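Have a look at the structure first, and then we'll go through it topic by topic.

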Amino acid sequence: MNARIDAERVLDAFLAPEADRLPDHVIDAALADIARTPQRRAPRVPWRFPHMPALSRTTSVAAVALVAVVGAGSLIYLNATGPSGTGGSTIVPTAAPSASQTTAPTPKPSGSGIAGWTPYTSAVNDFTLGLPPDWSVLTRATRDWREGDVFPADDMPYVDVFSSPGSDDETIGLFVWDMPGGDAEDLDTVNGLKAFAQRFCTVAGQSSCQDFTQRAEPMCQNVGGDTCRAALLVPVEGQQFAFLVDFYDAMFDEGDPVDVRVVVVARENGFPSAARYGGSVELLRSILTTMDVWTPGQDQAPQDWFRER
Amino acid sequence: MRAAERAERVDRDLVELAQRGDQEAFAILARTRGDRLFGVARRILRDVSLAEDAVQQALVIAWRELPRLRDPDRFDAWLDRTLVHACYVEARRRRAWINSIRTLPIDGPAGPDGLSGLVDRDEVDRGFRRLPPEQRAILVLHHYLGLDSNEIGEVLNIPAGTARSRLHYAHRAMRALLEADARPRAVAGGRSS
């Protein structure tokens with residue numbers, strides 16, 4: 001054998017085309033599945049970073065960031081409607097995400113007792129998560145976030161808002177929405193998500209952005225068989241953030257910018273009502289496990305997704 | 001209109017029908033592409049059963065997500081991407097099986113083929129299996145489907161330059177594995193002589 005192997009020539013021969021015949025039963029089985037599978041038709045409002053001037057882009061991100069900051073930080077909205085008031089509604093069980101049913105992620109969930117949680121699926125933001133059964137849905141998103149949205153506003157049609165039970169000063173708010181991640185960041189990496197989170201904070205005008213991602217922790221998102229794609233947990237003083245990429249959306253929404261899913265638990269870690277969940281950080285971790293996002297196991301670190309934009 | 005153009009037009013019509021929920025149209029698309037999908041999956045996964053599962057899964061996902069495809073003319077690249085991701089999932093989900101899989105026909109006793117005189121087929125197979133699924137996929141797209149960097153980029157949704165560099169690294173990894181396999185044999189041969 002030559003000292004220097006011609007790998008290309010070897011592979012040409014090794015992978016050479018030949019008669020491949022897909023057995024009929026495979027197609028038949030697929031078509032039988034398809035007959036039972038509805039197509040996903042959630043219309044998405046087109047929005048592009050690249051077509052926006054820099055100032056406009058920043059302003060838009062700031063507006064979205066405010067959804068989290070104002071909604072999560074002050075709970076003004078939450079308190080106005082009140083978890084025990086008329087604004088709340090019972091969580092309606094929906095199908096759990098298929099990915100979590102078909103794969104067994106290697107990381108161990110840090111949260112516990114989530115088995116009896118109630119799944120909720122956002123028709124607009126296209127996520128499924130689980131919540132304690134006594135939590136309520138305050139508002140369901142009715143459309144995607146889009147350029148020109150104003151916040152704060154009386155309603156936030158692009159955010160799914162949830163609340164724990166209790167009086168106004170006891171409740172914990174949870175806010176979840178998708179926002180375009182832009183095209184400048186390497187969002188499939190922890191560092192890319194950190195950069196996104198940092199910008200998210202800065203443009204939102206938070207006072208302590210210097211340290212916003214200081215306590216950021218890598219998380220593992222289970223996507224199909226990939227058990228550790230990058231996600232990020234960002235605990236800060238008054239609220240707990242998580243940022244994760246909607247990989248399925250990125251994979252199948254041809255030409256769309258990658259969406260980042262923002263999940264916010266709107267209380268400080270030591271908030272009394274959060275104690276039964278182990279604190280608001282642990283609460284967020286538990287919620288994230290229902291979204292197939294896990295604390296990495298030992299010797300496990302998020303791997304870059306084999307895709308760049 | 002040339003035959004190729006007519007075929008493309010028919011395909012486009014079928015894709016558009018399928019996007020609107022026409023299962024028969026999708027069935028035609030699936031049947032006409034099944035063998036090619038299977039060929040790709042079989043080579044990436046090196047296992048017939050896993051490849052069948054990947055194709056089946058890819059077709060179901062493609063059906064479900066088809067309304068999101070904006071340009072019906074890009075259906076094939078989009079379908080290939082769906083298949084490649086289904087292969088990643090299968091490869092990782094059943095990694096434990098990979099070492100005990102049944103042998104592919106193309107892995108059988110080597111008859112006269114393009115590999116004769118180049119390298120031992122078992123060594124190539126062993127080396128190829130040790131590559132991560134992503135590198136196997138890019139090599140299959142290039143060496144089996146004959147796609148260039150631009151086309152690979154379209155399938156994997158990555159820039160052409162990135163596809164080129166990944167292809168380069170995949171070749172380099174494969175070469176390293178083959179050379180590592182060859183080294184002990186050469187040493188052993190040297191000792192016996």
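Let's start with Arg12(B), which is partly exposed at a relative accessible area of 27%. Its side chain meets that of Glu16(B) in a salt bridge, with 3.4 Å from N to O. Keep in mind that this is a predicted model. Across all chains, the count comes to 22 salt bridges and one disulfide.

**Salt bridge within a helix**

- Why are Glu16(B) and Arg12(B) separated by about one helical turn? That's because they sit four residues apart in helix α1 (residues 3–19) of chain B.
- Glu16(B) counts as partly exposed, with 24% relative accessibility.
- Side chains of opposite charge can pair when their charged atoms come close.

**Salt bridges between distant parts of chain B**

- Arg33(B) and Asp76(B) form a salt bridge, and their closest N and O atoms are 2.4 Å apart.
- This pair links distant parts of the chain, since Arg33(B) belongs to helix α2 (residues 23–45) and Asp76(B) to helix α4 (residues 75–93), 43 residues apart.
- Arg33(B) counts as buried at 7% relative accessibility, whereas Asp76(B) is partly exposed at 29%.
- Another salt bridge pairs Asp125(B) with Arg46(B), with 3.1 Å between the closest N and O atoms.
- Here too, distant parts of the chain are linked: Asp125(B) is in helix α6 (residues 121–130) of chain B, and Arg46(B) is in the loop between α2 and α3 (48–65), 79 residues apart.
- Are Asp125(B) and Arg46(B) buried or exposed? Both are buried.
- There's also a network: salt bridges that share partners join Asp11(B), Arg33(B), Arg36(B), Asp76(B) and Asp80(B).

**Cysteines**

- Which residue does the disulfide join to Cys220(A)? The partner is Cys228(A), and the S to S distance is 2.0 Å.
- The link between Cys220(A) and Cys228(A) is left-handed, with -50 degrees about the S-S bond.
- Cys220(A) is buried, with a relative accessible area of 0%, and Cys228(A) is buried as well, with 7%.
- Over in chain B, Cys87(B) is buried, with a relative accessible area of 0%.

**A loop residue in chain A**

- Where is Thr142(A)? You'll find Thr142(A) in the loop between β4 (136–139) and β5 (160–163) of chain A.
- Thr142(A) is exposed, with a relative accessible area of 60%.
- Neighbours within four places in sequence aside, Thr142(A) is in contact with Val124(A) and Pro157(A).
- Thr142(A) and Pro157(A) are 15 residues apart along the chain, and their C-alpha atoms are separated by 5.2 Å.

Note on methods: Residues are numbered from 1 along each chain as its sequence is written. Chains are lettered from A and ligands numbered from 1 in the order in which they are written. This is a predicted model: local features need pLDDT of at least 70, side-chain atom pairs count only at pLDDT 80 or more; totals for chains, interfaces and linings use all residues. Side-chain values use heavy atoms; hydrogens and water are left out. A disulfide is a pair of cysteine sulfur atoms within 2.5 Å. Buried means under 20% relative accessible area, exposed over 50%, partly exposed in between (1.4 Å probe, protein chains only). Helices (H or I, at least four residues) and strands (E, at least two) are DSSP runs, numbered from the N terminus. Contact means heavy atoms within 4.5 Å. A salt bridge is a side-chain nitrogen of Lys or Arg within 4 Å of a carboxyl oxygen of Asp or Glu.
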